[in-house]
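Please read the following notes with the structure open beside you, and look for each named residue as you go.

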Amino acid sequence: MHRAAATVLAPDADARHKELFQSALVRPAIEGLSGRAKALPLGLRTVDASLPEGGLPRGAIVELTAPQGLARSTTLALSLCASAQAEARLRGESDTRGAWCAWLDPTQTLFAPALGRAGVDPDRLLVVRPNLDDLARVAVRVAGCHAFSVVVVDTAGVPGCRGEARLDRWVTIVRRLALAVEGSDTTVLLLTDAAASRAMPLPAAMRIELERLGEDRLGLRVAKDRRGRVTGAQSIELGKSA
């Protein structure tokens with residue numbers, strides 16, 4: 001990938017997600033099915049309970065938007081990666097499909113300790129750091145290779161290291177991403193800044209809006225769903241999400 005630097009980050013592993021995904025939350029979605037479940041859970045019970053089908057759709061693009069600096073978008077994205085890796089481990093060592101995730105990090109703000117706290121296996125996470133001009137092209141290529149269960153595309157950045165200020169060009173890019181993953185098991189999670197300017201909504205299969213309601217409470221709203229299953233803002237107690 002032209003000018004895209006791939007980096008593997010290596011924190012200590014965390015056992016929290018391993019225990020969680022051996023519970024009844026995920027196992028029924030894996031056992032007794034000829035293929036995978038249509039939705040990939042995040043492994044956060046209160047969050048999954050707020051989503052249609054208990055998770056994010058596979059073979060589709062999901063926009064996760066939040067005010068810049070909220071940081072919970074990163075938390076949920078890392079949980080999704082840990083979920084995909086845990087699901088692959090439950091299928092057994094002989095089947096490694098879906099064990100890999102990719103994180104496109106143009107602002108270079110993903111740091112190793114966060115991976116360990118989320119239970120993400122760094123040996124199965126590819127961190128790609130293109131510049132913002134190359135981000136869209138690299139995202140389509142990474143998603144289209146179908147080697148990853150989850151592809152996180154961080155367009156938002158963090159305060160002091162801002163990402164895309166306008167999302168106008170991403171209308172076409174999201175359509176290309178949707179074509180790239182159609183019929184696959186790949187979930188593309190697009191992290192956006194709620195304040196970023198856009199001429200029209202992005203054509204994602206699902207749009208999730210986050211807001212802070214308090215120190216330990218998060219507001220979550222499914223603002224768009226391809227089957228029309230939108231919800232009002234739901235209050236989630238962060239300490240009870242795991």
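What volume does the second largest cavity have? The points below take up this question first, and they concern a predicted model.

1. The second largest cavity has a volume of about 50 Å³. Its lining is made up of Leu42, Val47, Leu51, Leu56, Leu64, Leu76, Ala77, Leu189 and Ile208, and these residues divide into nine nonpolar, no polar and no charged.

2. The largest cavity holds about 60 Å³ of space, and its lining, which includes Glu53, Gly55, Leu56, Met206, Asp225 and Arg229, divides into five nonpolar residues, one polar and five charged. The count of cavities of 30 Å³ or more comes to two.

3. Nonpolar side chains tend to be buried together in soluble globular proteins. In this model the largest nonpolar core has 37 residues, of which Leu56, Trp103, Leu125, Leu189, Ile208 and Leu210 touch the most other members. Helix α4, spanning residues 72-90, gives the most to this core, with seven residues. Another core, which lies apart from the largest one, consists of 26 residues, among them Val128, Ala139, Val142 and Leu177.

4. Trp103 deserves a separate look. If its neighbours within four places in sequence are left aside, the residues in contact with Trp103 include Thr74, Ala77, Leu78 and Cys81, and also Leu110, Leu125, Val152, Asp154 and Leu191.

Methods: Residues are numbered from 1 along each chain as its sequence is written. This is a predicted model: local features need pLDDT of at least 70, side-chain atom pairs count only at pLDDT 80 or more; totals for chains, interfaces and linings use all residues. Side-chain values use heavy atoms; hydrogens and water are left out. A nonpolar core is a set of buried Ala, Val, Leu, Ile, Met, Phe, Trp, Tyr and Cys residues joined through side-chain atoms within 4.5 Å. Buried means under 20% relative accessible area, exposed over 50%, partly exposed in between (1.4 Å probe, protein chains only). Helices (H or I, at least four residues) and strands (E, at least two) are DSSP runs, numbered from the N terminus. Contact means heavy atoms within 4.5 Å. On a 1 Å grid over the protein atoms alone, a cavity is a set of points where a 1.4 Å probe fits but cannot get out, and a pocket is an open set with protein on both sides within 12 Å along at least five of seven lines; lining residues have an atom within 4 Å of a point. Grid points are joined across faces, edges and corners, and a volume is the space filled by probe spheres set on the points. Ala, Val, Leu, Ile, Met, Phe, Trp, Tyr, Cys and Pro count as nonpolar, Asp, Glu, Lys and Arg as charged, and the others, Gly among them, as polar.
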